[in-house]
Amino acid sequence: MARIRASRVGEQVKKVLSHVLQQEMKDPRIGFVTVTAVEMSGDLQQAKVFISVLGGAEQREQTLAGLEKAKGFLRTEIGRRIQLRHTPELIFKFDESIEHGQHISKLLKEVNRDDRESQ
């Protein structure tokens with residue numbers, strides 16, 4: 001039962017963060033950021049926020065620095081919009097699954113191209 005609540009709260013945190021990052025953030029370091037998932041701890045004290053950033057490694061690092069700086073503002077907005085006793089601590093992580101999927105897709109295309117050339 002606790003996992004269901006954590007999952008529902010995680011989805012609400014994801015919605016709020018997505019809206020705030022896209023509409024209300026003014027930090028130029030935070031470019032095009034997508035919140036891909038939020039994993040809440042069982043006691044709802046921590047939220048692992050998985051993000052995807054459009055751009056290279058330098059843009060990713062600048063975005064992470066901007067998000068770390070804006071943690072207080074983001075927690076305040078979550079606390080205002082979601083009725084929780086304690087606002088969760090935010091831990092930002094990069095979502096590597098998109099890049100991994102693109103890499104696999106590229107490898108499969110290369111294999112198909114090699115097969116066609118050998119025939």
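Ala47 has Leu90 in β3 as its bridge partner. Further along, Val49 is bridged to Phe92 of β3. β2 covers residues 46-53, and six bridges join β2 to β3 in parallel. Two strands count as paired if DSSP finds at least two bridges between them. Strands are DSSP runs of E with at least two residues, helices are runs of H or I with at least four, and both are numbered from the N terminus.

A word on the source. This is a predicted model, where local features need pLDDT of at least 70 and side-chain atom pairs count only at pLDDT 80 or more, while totals for chains, interfaces and linings use all residues. Residues are numbered from 1 along each chain as its sequence is written, and side-chain values use heavy atoms, with hydrogens and water left out.

Now the other side of β2. β1 and β2 pair in the antiparallel sense, over seven bridges. Val33 stands opposite Val53 in β2. Val35 stands opposite Ile51 in β2. The hairpin of β1 and β2 has five residues between the strands, and there Leu44 takes a positive phi near 65°.

As for β2, six of its eight residues are buried, so β2 is largely enclosed by the rest of the structure. Buried means under 20% relative accessible area, exposed means over 50%, and partly exposed is in between, with a 1.4 Å probe and protein chains only.

Next, the faces of β3. In a regular strand the side chains alternate between the two faces of the sheet. The covered face of β3 has Leu90, Phe92 and Phe94. Its uncovered face has Glu89, Ile91 and Lys93.

Take Thr63, in helix α2. Is Thr63 buried or exposed? Thr63 counts as buried, because its relative accessibility is 0%. Beyond residues up to four places away in sequence, Thr63 touches Arg29, Ile30, Gly31, Val33 and Val53. Contact means heavy atoms within 4.5 Å.

Then Arg81, in helix α3, residues 71-81. Arg81 has 33% relative accessibility, so Arg81 counts as partly exposed. Which residues does Arg81 contact, leaving aside neighbours within four places in sequence? Val16, His19, Val20 and Glu24. Arg81 and Val16 are 65 residues apart in sequence, yet 7.4 Å apart in space, C-alpha to C-alpha. The side chains of Arg81 and Glu24 are joined by a polar contact of 2.7 Å. Another polar contact, at 2.9 Å, links the side chains of Arg81 and Glu77. A polar contact is a pair of N or O atoms within 3.5 Å; within protein, one must be able to donate a hydrogen and the other to accept it, and residues adjacent in sequence count only if both atoms are side-chain atoms.

Last, the whole chain. There are four helices and three strands. From the N terminus on, the elements run α-β-β-α-α-β-α. Buried residues make up 31% of the 119 residues. Of the contacts with a separation of 6 or more, 63% come from residues 24 or more positions apart. The C-alpha atoms fill a box of roughly 65 × 40 × 20 Å, taken along the principal axes.
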